[in-house]
Amino acid sequence: MDMKVKGSKELLTEVIDAGLCTLCGACAGGCPYLVSYKGRAVLLDDCTLSEGQCYRYCPRTYTDMDAVSQQVFGMPYSGDELGAVKEIFLARSVDKEIHERGQDGGTVTALLSVALAEGIIEGVIETKMDDDKIPQGFVARSREELLECSGVSYEPSPVLEALNHLPRESTEKLGIVGLPCHVAAVAKMKTYPPQNRVNIDNVKLVVGLLCGWSLANGFHQFLQQNFDLPRVTKFDIPHHPGHTFDVYTKSDKESVELDEIRQYINNACSYCLDMTAEFADISIGSGRAKFKGWNTVIVRTDAGAELIKLAKAKHVLETQPTPVESVTNLKRAALNKKKRALNNIIAKTGDKNDLLYVGLREDILDNLLA
Amino acid sequence: MAGIDIDAPGTTELFIGNEAIARGALEAGIGFAAAYPGTPSTEIMESLASVAKKMNFYAEWSVNEKVAFETAAGASFAGIRAITAMKQNGVNVISDFLANLVVSGIGAGLVLVSCDDPSAISSSNEQDTRNIAKWLDIPLLEPGTFQEAKDMTKWAFDLAEELDTICMIRSVTRIAHARGNVTLGELPRKEHKAHFDEIASFTPTLTKFAPVLSAWKHQQLHAKLDKAQEIFEPSPFNWYRGPDKAELLIITCGSCWLYSLEAVNALKLESKVGILKLGTIWPLPQKLIEKHLSKSQKILVVEEIDPFLEGSIKELVADLPPASPHPTFYGKRSGHINAFGELNPDMVIEAIARIMDITYESRPAEYSKKAEEVPLTYMPPRLMTFCSGCPHRATFWAIKNALRLDGRDGFVTGDIGCYSMALGPAGFCQVRTMYCMGAGAGIASGLGKLGQFGFKQPVLAVCGDSTFFHATIPALINGIYNQSNFTLIILDNNATAMTGFQPHPGTGMTAMEEPTKVVSMDTLCASLGVPVEVCDPFDLKNTTETLLKAMSKDGIKVVIMRRECELVRARREKKPLYKVHVDPDKCLGEACGCDRLCTRVFGCLGLEWDKEAGKAKIDETVCAGCGVCADICPQGAIIKEAV
Amino acid sequence: MKMLTKDPLNLIIVGVGGQGNVMISSLIGRAFITEGYFVTIGETYGASQRGGSVMSHVRISKESQYSPLIPNGRADIILGMEPVETLRILQQFGNPDVITITNSKLVHAIGIEYPDLDDVVEAIKKLSAKLWLINATDEALKLGSAIFANTILIGALIGSGILPLDKESLDPILRESFPEEKLEANMLAFNKGMELVSRG
């Protein structure tokens, strides 16, 4: 199946109104019509164009995985549980401040600050929470600004709106930090370079974050009603044995039962096959309970490997191998997400041949559906 | 150019009907005039106010028609001749006072001019206010020419005093806003002396000026109407033109007189068709009509909006002795004349031709064919829109964006003013209800109480500054008192813009151009204990954010959009706010992906799509230089520079 | 004194809201009143001013007052301030004898595809016994403001000789119509209009 590019009207009917939107921001900010606002992609006016970049780069419009993989990795999509992998290991920041302010091991912030310091990139498209803890796209251009972005928001973040907002004549070298949906959208941009937007070749580094789901559907109102958000410093969902959603303030920590939170899981995430941000240069997740304070790191590209090497050489990152058992668990979780999502999609369309946005080869599909 | 006060009896001037009416009031020696502007009535008061000081009388723009009428009645009660003028909707506003005033009678001559707007050209509805004269027993005159507009108005004051009741003049758009010959009469020079007690006693103890003993006074009112009828029978405002025996008798009044005359001439039926033109409309000159009914077996009644004459004449015929001839009536009930909309000579020609079974060709068929062959695409319809540089366009842009961003299906209840155009693409179709002055806030106040039935949509009520003072304040207070939920947006452009920039209580200027105390809507609203925000609508970002914030809160909130009407500003400052141009290097045209946001959606007349270049450009002859479009262009291609 | 070529003589002045229709019609009307004619003018007012189509029906007679609306197909002269509006009026009120004077400057409308001027002019030509196409707006801009296009068109109307009015009868009316500081430019505009039609 070829990718048929359509316009904002179809984006609305096929993705946003159909409950597939992950609010990645790929459609937003690149034109005067689509913007993100408090957890929604909003169409401000009717656009009559029959083809739009909003539709083209949406990670939930048809995505030819082979074409994208070919562009990013120089080979067709493998269908492996974790995608293209050069190495997997555990890492954490040596820098105490980064470690403390970041999630888990602070590896993301550590790597990006090295990349910034060494001039590999000049700006990082990141998620930053405003005072009300609404996540927004932001361009961090210094270590300080990076630190302002550290910490995880569990709400969807329109990170890519910040990319779309950059002036098209900009030559700034960029890194992007995003969830699998953001990373997929960036990969589509690389595969089909956008017009009238900032040159996608400026993006030198894509750091993906491992992701199970995000929280939407009134989750922000829940937070607003239960917490003094401007005072909140960090959210966390610690791994086993905890079953809580933790909200930190400077002096305090409050916990909510995870089961109470589950109702807010963004339904769109149930149709997502990608747990590990497979089209990133480096994907980073939690070390889980067993390696608390560490991150799991998957290096996928040469650019990713170079950066790790540099970070180690500069002594900002320490690493240790990931035990085989952990890798196995990670693979099982990733595979489960794929299978679950495919089944959810088929349940939604009622047609095994209508997989919405998923453009996978038949052999891979057969394996997943087996 | 000669004003309405030119002291040159016998000379002929070119006056619009409204000026002719105002001149008539001057010739009647009025001492007091009060009105609220409303198309097509506005120029009556406007021209009176412009000469009030010089002519030694008082004129005011009142906050609404009812208050205007009450102030005029006050003057009448104190022995001063007074006039009030309004559009048809204004008559609805005054009807409560009017229905009671007719019971009591008046002091000095008091005249009410009602200007109807057939086809609702500049109105929310079309409405035939002749009916109120019949309903409330008010003597009614309707001019058929510009000269009559003046002469009738002058006479109406004498009549009112003779009958001791208010007299009404009905005009329509094609008299009010058409121009024609008016030969001037004398201007009286008299000193006005006002005093209440002299004339106010009905008995030694009971005042005249209250509707007491109303049933008895109602009977007295009927006697006044009987007397009016006697006066009307020989009136020179009624006449017949045509043969002694006619194949068809047209009975008509008002603007339709000239249409009828023209139709008969166009059909060359002067020897076969007679026209009875009536100027005294209520009570009907019964004997005069009965006399002319015998002229023909076929009667065509030509009048605008309702079958008022038609129905009333049929009532007369029903009372005629059985032996009298009962002619066949043609008109609105037979379908020969539309019972809606404005008439014109062609419609009357068509009605006569149909009754007389003749054909009429307005021009050679060959030419008509050629004319009809012109492709419609050569004559695209021209939608009304806000003027270039109008703050309302910016306001509704911000409202649209705020409502979409808010995402709870919020909507706007509208009101009467230029901003009513936001029903259409001019204001991005944001206004979802629009009825009458003040209704926007009233409807919002009701909607805002529907929470218990699951209503969660934010409601934005918009009203203009003049409308706010006219009728919005009670609805706002109602909403506060009853704990409703809505945001009142006052579009404060510092003028009653729609009708031609008349001052109002917020402007600090009176109708007679004297500075006065500014009634501050900000302070007034704040004193009611509700949050009040003031925005400059040209600051789209702040305006949108302010609206979003207001919508996020429960209760009544007031947001004032403060930016002077561009036409007023331009008239005073005589230069644009900014010099605006499109940088052709930055505008990417069709390749941009903006889908012509500026010309297609924003739609300011100052922007045009340059077909050849495939880019937007500024039409300098139209652009007012507000610079708002510079903020909506995603490429920053529209450049505004300080002048 | 020159006579009316027809009684009543029906002139339609047409344009786009805000262009200044009422100014032209009342100026012409007053000139005729001064000369002792009956004049009736019907105009579009009010909300329709804002960028909509506007027209003034001017009816001149030695005999009597006529209605403020000209019957279909009965215009004798059309003075257009905008070509599309001129064509629209011709289609309804034109006839084989109608004389047309029109500004050639298109005034764009919101949200629609605007036709090509050449097509519009061609259609106007087909429906007019005689046509003067005048670039009044460009000429006005040379005098400093597009608003002078109105006076240029008045000059053209008088210069065309189709009305029993001449420059002398207009002169006092022009003088009382414009403020001191605008008078000279308007007089130049008037002369420009006369000159433009005299060339053909």
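**View 1. Chain A and chain C stay apart.** Chain A and chain C make no contact (heavy atoms within 4.5 Å). Their nearest C-alpha atoms lie 13 Å apart. Two pairs of chains are in contact, and chains B and C share the most contacts. The model is predicted: local features need pLDDT of at least 70, side-chain atom pairs count only at pLDDT 80 or more, and totals for chains, interfaces and linings use all residues. Residues are numbered from 1 along each chain as its sequence is written, chains are lettered from A in the order in which they are written, and side-chain values use heavy atoms, without hydrogens and water.

**View 2. The contact of chain B with chain A.** Chain B gives 21 residues and chain A gives 16 residues. About 1500 Å² is buried between them (accessible area, 1.4 Å probe, lost on being put together, summed over both). Carbon and sulfur atoms carry 48% of that area. In chain B, R404(B), L405(B) and D595(B) lose the most area to chain A, together 38% of what that side buries.

**View 3. The salt bridge between K400(B) and D45(A)**. A salt bridge here is a side-chain nitrogen of Lys or Arg within 4 Å of a carboxyl oxygen of Asp or Glu. Chain B and chain A have one. K400(B) and D45(A) meet at 2.3 Å, N to O.

**View 4. Helices of chain B at the contact.** Helix 15 (391-406) and helix 21 (597-602) of chain B each supply at least two residues of the side that touches chain A. Helices are DSSP runs (H or I, at least four residues), numbered from the N terminus. Helix 15 of chain B gives the largest share, six residues.

Technical notes:
Buried area = accessible area lost by both parts, 1.4 Å probe.
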